[in-house]
Amino acid sequence: MTEPQHHPAGAPWDWPEHVWRGVVERARAGRNLRPRAWPNGARCAVALSFDADHETIPLRDADESPMRISQGQYGARAAMPRIRSLLARENVKATFFYPAVSAMLHPEEARGVAGDGHEIGIHSWIHERNTALPYEVERDLAFRAADALERVTGQRPVGMRTASWDFSPRTLDIIREMGLLYDSSLMADDDPYELTANGEPTGIVELPPEWIRDDAVYFNMNRFGGLRPYTPPSAVAEVFLAELEGAYAEGGLYLLTMHPHHIGHRSRMPVLEKVIAAAKAKGDCWFATHAEVAAWCKQNAV
């Protein structure tokens, strides 16, 4: 059970109504942005994304273990070539969310991904936890990350995914100040929606992820903790494909979050291959970057 955090207004059960309403309304789902139709008559939008964390997770934790760092290096060294090769072979565009430090450690990779025609999105500076940071630090790191990604890749990011989907009470303010098109960190729907701030529309498109459509929850491993990859790739494929079927049946968005150091292993790449094959077999799925989906929804929402 999670203990309630200390709050200036006291214990949550003692909060006056304006306090708990204010917490709920700070960043909330507003207008549904699922369009009446997807481009070229497609029934379903498929947005594949990769969080290219590489070595940044142990670095964030000040963990200098060569073993832990090597796990992240695997994502760049072994997994990314497999992923880029598959996407090129299938002629599928995707979105790669980079922590700035990850892109700076692997600039040729990041430039290559952009050169392949994929989107580069913001994914923190060093995979920091936003809710643990003062507002000024979070803001500074977000702007620094955007600048670094543009400098490395030549592509100015238009969207953000917070590291670990850790969205602080001030993150939306920062996203608005940066003038971003979309965020992909919050989970109030299956389909795109407009974010509101204190009841007011922001114009920011939310492309909602979900833990069940994230490879990390099935494949993560912590040697000294309880995290173990108990779920076999075949079962992960079953979940991912079931989510695709649901999105297709409703004519909505199928957004899949993956991490190179997880999905890029030999036994796990077939999961991604099966998802792409199943979507292509339907004949009317639109494979698009997150930016393309957000722009289309913003312009064509019902």
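Mentor: Two strands pair if DSSP finds at least two bridges between them. Helices (H or I, at least four residues) and strands (E, at least two) are DSSP runs, numbered from the N terminus.

Trainee: Fine. What am I looking at here?

Mentor: A predicted model, where local features need pLDDT of at least 70, side-chain atom pairs need 80 or more, and totals for chains, interfaces and linings use all residues. Residues are numbered from 1 along each chain as its sequence is written, and side-chain values use heavy atoms, without hydrogens or water.

Trainee: How many helices and strands in the chain?

Mentor: The chain has 12 helices and 10 strands. Its C-alpha trace spans about 55 × 50 × 40 Å along the principal axes.

Trainee: And how much of the chain counts as buried?

Mentor: 48% of the 302 residues. Buried means under 20% relative accessible area, exposed over 50%, and partly exposed in between (1.4 Å probe, protein chains only).

Trainee: Let's take strand 2. Which strands does strand 2 pair with?

Mentor: Strand 2 (residues 44–51) has 6 bridges to strand 9, residues 253–258, and the two run parallel. Strand 3, residues 95–98, also runs parallel to strand 2, joined by 3 bridges. Strand 10, residues 285–287, pairs with strand 2 in the parallel sense too, over 3 bridges.

Trainee: Is strand 2 mostly covered or mostly open?

Mentor: Mostly covered: 8 of its 8 residues are buried.

Trainee: Which residues point which way from strand 2?

Mentor: Cys44, Val46, Leu48 and Phe50 point one way, while Ala45, Ala47, Ser49 and Asp51 point the other. Residues on either side are all buried, Asp51 and Ser49 included.

Trainee: Noted. Change of topic: how many salt bridges does the structure hold?

Mentor: 17. A salt bridge here is a side-chain nitrogen of Lys or Arg within 4 Å of a carboxyl oxygen of Asp or Glu.

Trainee: Give me one to start with.

Mentor: Take glutamate 177 and arginine 139, whose side chains meet at 2.5 Å, N to O. Glutamate 177 belongs to helix 7 (residues 171–178) and arginine 139 to helix 6 (residues 135–153), so this pair ties together parts 38 residues apart in sequence.

Trainee: How accessible are glutamate 177 and arginine 139?

Mentor: Glutamate 177 has 42% relative accessibility, so it counts as partly exposed. Arginine 139 is at 29% and counts as partly exposed as well.

Trainee: What does arginine 156 form a salt bridge with?

Mentor: Aspartate 147, with the closest N and O atoms 2.7 Å apart. Arginine 156 is partly exposed, its relative accessible area being 37%. Aspartate 147 is also partly exposed, at 37%.

Trainee: And what about arginine 170?

Mentor: The side chain of arginine 170 meets that of aspartate 173 in a salt bridge of 2.8 Å, N to O. Arginine 170 is partly exposed at 35% relative accessibility, and aspartate 173 is partly exposed at 33%.

Trainee: Those were pairs. Which residues are linked in a network of salt bridges?

Mentor: Arg60, Asp61 and Arg129. Select those three together to see the network.
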